[in-house]
Amino acid sequence: MKMDQLVSLCKRRGYLFQSSEIYGGLNGFWDYGPLGVELKRNVKEAWWRDMITAHDDLDTQPGAPGAYEMVGLDSTIIMHPQIWKCSGHYDLFHDYMVDCRESKKRYRHDQLRGRWVTAKGKTIFVTTQAEDEQDDIQRHALKFFNLRNKNAEQLQWDGDVVSLTSVDDLTQVLGPDAKELGTLTDPREFNLMFKTIVGALGNDDDAAFLRPETAQGIFVNFKNILDSTRVRVPFGIAQIGKSFRNEITPRNFTFRSREFEQMEIEFFCHPDSSREWYQYWRDRRFQWYLDLGLDRERLQLRDHDPDELSHYSTGTGDIEYAFPFLPAGEYGELEGVAHRGDFDLRSHMEGKLDPSTDPLEVELNEHGQPKWRGSGKDLTYRDDLSGEKYTPHVIEPSAGADRATLAFLCEAFTEDEAPDEKGKLQTRTVLRLHPRLAPIKAAIFPLVKKDGMPELAKQIYRALKPHFNVFYDEKGAVGRRYRRQDEAGTPYCITVDGQTVEDNTVTIRDRDSLEQSRVRLEDCVDEMRQKLT
Ligand code: GAP
């Protein structure tokens with residue numbers, strides 16, 4: 001599947017629109033249209049239900065080291081700025097960027113890739129941002145050396161396409177949009193948090209930040225939840241909500257946006273069993289994507305290398321998907337499952353911890369005082385049965401609602417052949433979304449707009465509507481109506497035809513197999529319930 005086919009289907013059918021489109025758009029921001037909003041809600045609802053409301057607190061789940069409880073939270077987007085100092089985001093949440101003095105464009109240092117090439121006695125590193133990396137590098141190199149396509153053999157390549165981070169001397173680098181060498185600046189740090197001012201009279205002392213993750217809202221409410229509920233460790237707190245990151249190079253549709261939604265769990269457990277819980281959550285979350293239709297062949301769980309780990313983490317496994325916009329063999333992160341140890345609770349108690357020391361110590365300023373003060377509140381846990389007091393360790397499965405939605409869309413997009421009304425095979429585009437995720441669960445059609453068929457079809461629509469999101473359509477040829485629903489990802493179409501008027505049965509067409517079965521009109525609700533739940 002080509003990514004531009006999916007992007008155009010999303011626009012055409014009302015899944016996704018560029019934000020502020022009539023004003024030329026705003027890079028890194030996306031709006032979900034009528035079908036998109038339903039799909040994303042279904043993704044979030046499936047997560048919330050599977051992780052929280054349907055979770056059995058009393059029984060040990062398969063693969064888990066014991067029984068556990070799950071509760072939810074909805075914390076604010078803007079929080080006390082001290083939270084971001086203690087969490088490490090104020091000091092450490094940055095990317096490195098390089099600017100091009102010639103094109104005035106800005107790039108993420110680690111995302112620019114290129115290849116060494118020699119021609120006419122000169123060796124340079126040619127960079128690219130294009131999906132077809134090698135082709136683009138070659139085009140750019142030929143232009144730079146003033147060579148024609150037919151002289152491409154004069155280019156002598158050295159090594160594979162690698163990241164710009166492997167290049168020390170930027171004077172030999174040709175920027176992706178530059179004509180001259182050495183126009184990229186040295187990498188500079190860029191904090192990803194959006195800053196805002198709280199209050200009408202606010203000045204810089206009143207600066208606050210839009211949260212870059214939902215996780216910190218959970219940590220700072222840990223004590224409130226312990227005090228207001230009867231949860232005992234091990235337990236998890238889950239939250240779904242918007243997060244904001246001023247990404248230097250937002251790209252790949254919604255994959256890297258500046259405003260996005262996260263679905264995060266902070267799971268609190270005893271330090272001695274934390275490795276087992278870490279394993280449990282990695283497996284559990286991986287399986288969730290498979291259950292909702294992602295193909296095992298396109299999904300992988302990859303452990304972070306030690307130098308890749310975030311400042312708080314002693315182990316992270318990324319659940320990754322082979323998105324079609326990535327080069328063959330490459331995967332993009334859907335979700336990170338991190339072992340955060342006691343980093344966050346201790347930081348919010350004591351002050352910002354120094355991730356370079358082991359065990360973590362409070363980071364001190366030049367006067368020997370804590371660099372950023374913690375809340376000073378006791379965030380330890382006291383086990384009422386054993387009497388043991390300790391700071392729980394945290395396992396964090398952190399998923400992106402937009403990335404999951406995008407992966408489900410990519411997986412679902414299919415082109416196959418189906419017979420039209422005359423039996424002739426035609427190419428059809430179909431979104432094979434899992435029925436739990438499909439925005440519309442069933443479409444109801446009268447075959448023709450006469451002979452009492454619309455009345456019966458509306459009767460079915462009204463019987464189903466209180467239970468499922470169903471859609472009524474009587475316009476145009478029935479074949480065209482089927483095709484529209486295939487593109488929208490609707491798993492079932494219910495059609496009232498001539499036979500309905502005679503024997504009170506309707507056809508139910510399956511989107512994927514194209515099989516049609518007849519059921520009694522009064523059994524439609526039960527039949528749909530069986531198929532969809
Ligand atoms: N609390 C940990 C945390 O935020 P992360 O790996 O930075 O970890 C977790 O983010 C998930 O949030 C990612 O796996 C991804 O699904 C989603 N995410 C992160 N940045 C994103 C962005 N710019 N656009 C869309 N989704 C993003």
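**Around the ligand and beyond**

Of the 22 residues around the ligand, E213, E247, S257, E264 and E333 come nearest; a residue counts as near if one of its heavy atoms lies within 4 Å of the molecule. This is a predicted model, in which local features need pLDDT of at least 70 and side-chain atom pairs count only at pLDDT 80 or more, while totals for chains, interfaces and linings use all residues. Residues are numbered from 1 along each chain as its sequence is written, and side-chain values use heavy atoms, with hydrogens and water left out.

Start with the polar contacts (pairs of N or O atoms within 3.5 Å). A ligand nitrogen sits 2.8 Å from an N or O atom in the side chain of E247. A ligand nitrogen is also 2.8 Å from an N or O atom in the side chain of E396. G400 takes part through its backbone: one of its polar atoms there is 3.0 Å from a ligand oxygen. On its own, the ligand has 560 Å² of accessible area, and the protein covers 91% of that. These areas come from the Shrake-Rupley method with a 1.4 Å probe.

Which elements give two or more residues to the shell around the ligand? They are strand 14 (259-269), strand 17 (332-341) and strand 22 (393-400). Strand 17 gives the most, with five residues. Strands here are DSSP E runs of at least two residues, and helices are H or I runs of at least four, numbered from the N terminus. By class, the shell has ten charged, six polar and six nonpolar residues. Asp, Glu, Lys and Arg count as charged; Ala, Val, Leu, Ile, Met, Phe, Trp, Tyr, Cys and Pro count as nonpolar; the others, Gly among them, count as polar.

Now step back to the whole chain. It is divided into domain 1 (3-91 + 193-408), domain 2 (96-190) and domain 3 (440-532). The bounds come from an automatic or database domain assignment. Taken over C-alpha atoms, the centres of domain 2 and domain 3 are 56 Å apart.

Aromatic rings come next. The whole structure holds 28 aromatic pairs. Rings of Phe, Tyr and Trp (its six-membered ring) pair if their centres lie within 6.5 Å; planes under 30 degrees apart count as stacked, over 60 as edge-to-face and the rest as tilted. W47 and W48 have ring centres 6.3 Å apart and planes at 45°, so this pair is tilted. W47 is buried, at 0% relative accessibility. W48 is partly exposed, at 27%. Buried means under 20% relative accessible area, exposed over 50%, and partly exposed in between (1.4 Å probe, protein chains only).

Y461 and Y472 form an edge-to-face pair, 6.2 Å centre to centre with 65° between the planes. This pair links distant parts of the chain: Y461 is in helix 11 (residues 453-464) and Y472 in strand 26 (residues 470-472), eleven residues apart. Y461 is partly exposed at 24%, and Y472 is buried at 19%. Elsewhere, Y68, F267, W277, Y280 and W281 form one aromatic cluster.

Finally, the backbone. Most residues other than glycine have a negative phi, and most peptide bonds are trans. The peptide bond from V233 to P234 is cis, with omega near 5°. P234 lies in the loop between helix 7 (222-228) and strand 13 (235-244). N146, not a glycine, has a positive phi of about 60°. Its loop runs between helix 5 (133-144) and strand 8 (156-163). F253 also has a positive phi, near 60°, and lies in the loop between strand 13 and strand 14. Buried or exposed: which is N146, and which is F253? N146 counts as exposed at 66% relative accessibility, whereas F253 counts as buried at 10%.

Conventions
A polar contact is a pair of N or O atoms within 3.5 Å; within protein, one must be able to donate a hydrogen and the other to accept it, and residues adjacent in sequence count only if both atoms are side-chain atoms.
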